[in-house]
Amino acid sequence: MTAWAELHLHLEGTLEPELIFALAERNDVRLPYADLDDLRSRYDFTDLQSFLDLYYTNMQVLRTEQDFADLTDAYLARAQRAGIKRAEVFFDLQAHTARGVAPEVALGGVHRALDAAEERYGISAGLILTFLRHLPAEEATTAYQQVVDSGVPLLGVGLCSTELGYPTEPFAEVFARARADGLRTVAHAGEEGDASYVRLALDVLGVERVDHGVRAVEDDELIERLIAERMPLTMCPLSNVRLKVVPDLAAHPIVGLLRRGVRVTVNSDDPAYFGGYLDDVVAALREAFALSEAEIAQLARNSIEASFASDVEKARLLGEGPGH
Ligand code: ADE
Ligand code: ZN
């Protein structure tokens, strides 16, 4: 079976409606929804912000270390069924500490599940701390320090949440610090913001992958640069349809960019909100674009090559190494 890596996945975006209700009951949280259908009726988004409002509201059910472990474990179980062998997952620590959850509670639960991922699901997993762009950069530095103090190992840092109107520059310092500490760097850019946001992620934050990067297509020179630098774009086509970044799947640039030689990867972003996990996204793309088997295989290969796994692990996942 083809091995896939998922490189753009928010753990909190895997919080399924059923789990929201189960955790609300377990933790005695009063939800602002009458029932599951009422909650599901709100999954009709107009843009990124309309989604983020619901996403942050639903997180209030996550309270205990066990809740964070259950959330993470449920994703890993589903990821295994999608054929994922490597998962580099985003976690919005600030969204939890802002609600009064202790950093070691949130991080402890996530870490416990990720630590067991290889043994339980055959998935090699890494954690990327995503800073919230709509909050002051000093709070990103605080979150980074909290992870360092917790002793929970990090693979990298990223940047997400509301893009438009929130400048990149204030985050340069915390990214530089993480890089100096040996961490990998990524950032959401060019999702709702234009191509200039992608350039800033590259030039100001020095990222090694761009998350989304959809609007880079509006800047030919930038596309040439992405090709020359073999810069990965971790794209999320179903997310972009649901958040109206593109009018429909057929209009999504991922396949055109793949055919032009950009190192694009397929990802699910927030699968509980956007209509499916990685296998569902690949199936939707296959249908919308009549993708060839060779193109699907190229997308899978790109995902492994663009991952932050070691060279030995990449070779093994690509079926080239010993122990295959
Ligand atoms: N946080 C969770 N999903 C996100 C997305 N698609 N864009 C920005 N921030 C996010
Ligand atoms: Zn995302």
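**View 1. Residue E65 in helix α4 of the predicted model.** At 33% relative accessibility, E65 counts as partly exposed, and this residue belongs to helix α4, which covers residues 65–81. Once residues up to four places away in sequence are set aside, E65 touches E104, V105, G108, G109 and R112. A further residue to look for in this view is V101, which is 36 residues from E65 in sequence, while the C-alpha atoms of the two are 9.5 Å apart in space. The whole structure shown here, in this view and in those that follow, is a predicted model.

**View 2. The site of the zinc ion (ligand 2) and its four donor atoms.** The zinc ion (ligand 2) is coordinated by the NE2 atoms of H8, H10 and H188 together with an OD atom of D269, at 2.1 to 2.2 Å. Along the sequence, the donor residues follow the spacing H-x1-H-x177-H-x80-D. H10 lies in the loop between β1 (4–6) and α1 (17–27), whereas D269 lies in the loop between β8 (264–266) and α14 (271–274), so this pair ties together parts that are 259 residues apart in sequence.

**View 3. The packing of helices α8 and α9.** Helix α8 (residues 137–150) packs against helix α9 (residues 172–180) at an angle of about 25°, and the axes of the two helices are 9 Å apart. That angle makes α8 roughly parallel to α9, because angles under 35 degrees are counted in this way. The contact is made by A140, T141, Y144 and Q145 on the side of α8, and by V174, R177 and A178 on the side of α9. The crossing in which α8 passes α9 is right-handed.

**View 4. The packing of helices α10 and α11.** Here helix α10 (residues 195–205) and helix α11 (residues 220–228) cross at roughly 35°, and their axes come within 10 Å. In this pair, α10 passes α11 in a left-handed crossing. From α10 the contact involves A195, V198, R199, L202 and D203, and from α11 it involves E221, L222, R225 and L226.

**View 5. The surroundings of Y43.** Y43 is found in the loop between α2 (36–40) and α3 (48–58), and with a relative accessible area of 9% this residue is buried. Leaving aside neighbours within four places in sequence, Y43 is in contact with P17, I20, L54, N58, R242, A272 and Y273. Y43 and G275 are 232 residues apart in sequence, yet their C-alpha atoms are 9.8 Å apart in space.

View 6. H212 is not a glycine, although its phi is positive at about 80°. This residue lies in strand β6 (residues 209–212) and, at 0% relative accessibility, H212 counts as buried. K244 likewise is a residue other than glycine with a positive phi, near 65°, and K244 sits in the loop between α12 (237–242) and α13 (254–260). With a relative accessible area of 52%, K244 is exposed.

Notes
Residues numbered from 1 in each chain as written. Chains lettered and ligands numbered in written order. Predicted model: local features only at pLDDT ≥ 70, side-chain atom pairs only at ≥ 80, totals over all residues. Heavy atoms only, no water. Donors = N, O, S within 2.8 Å, 3.2 Å for Na, K, Ca; no water. Helix = DSSP H or I, 4+ residues; strand = E, 2+ residues; numbered from the N terminus. Axes fitted to C-alpha atoms, helices over the stretch in contact; angles between N-to-C directions. Parallel < 35°, antiparallel > 145°, perpendicular 65-115°, else oblique. Left-handed = near helix turned anticlockwise from the far one by under 90°. Contact = heavy atoms within 4.5 Å. Buried < 20%, exposed > 50% of the residue type's maximum accessible area, 1.4 Å probe, protein only.
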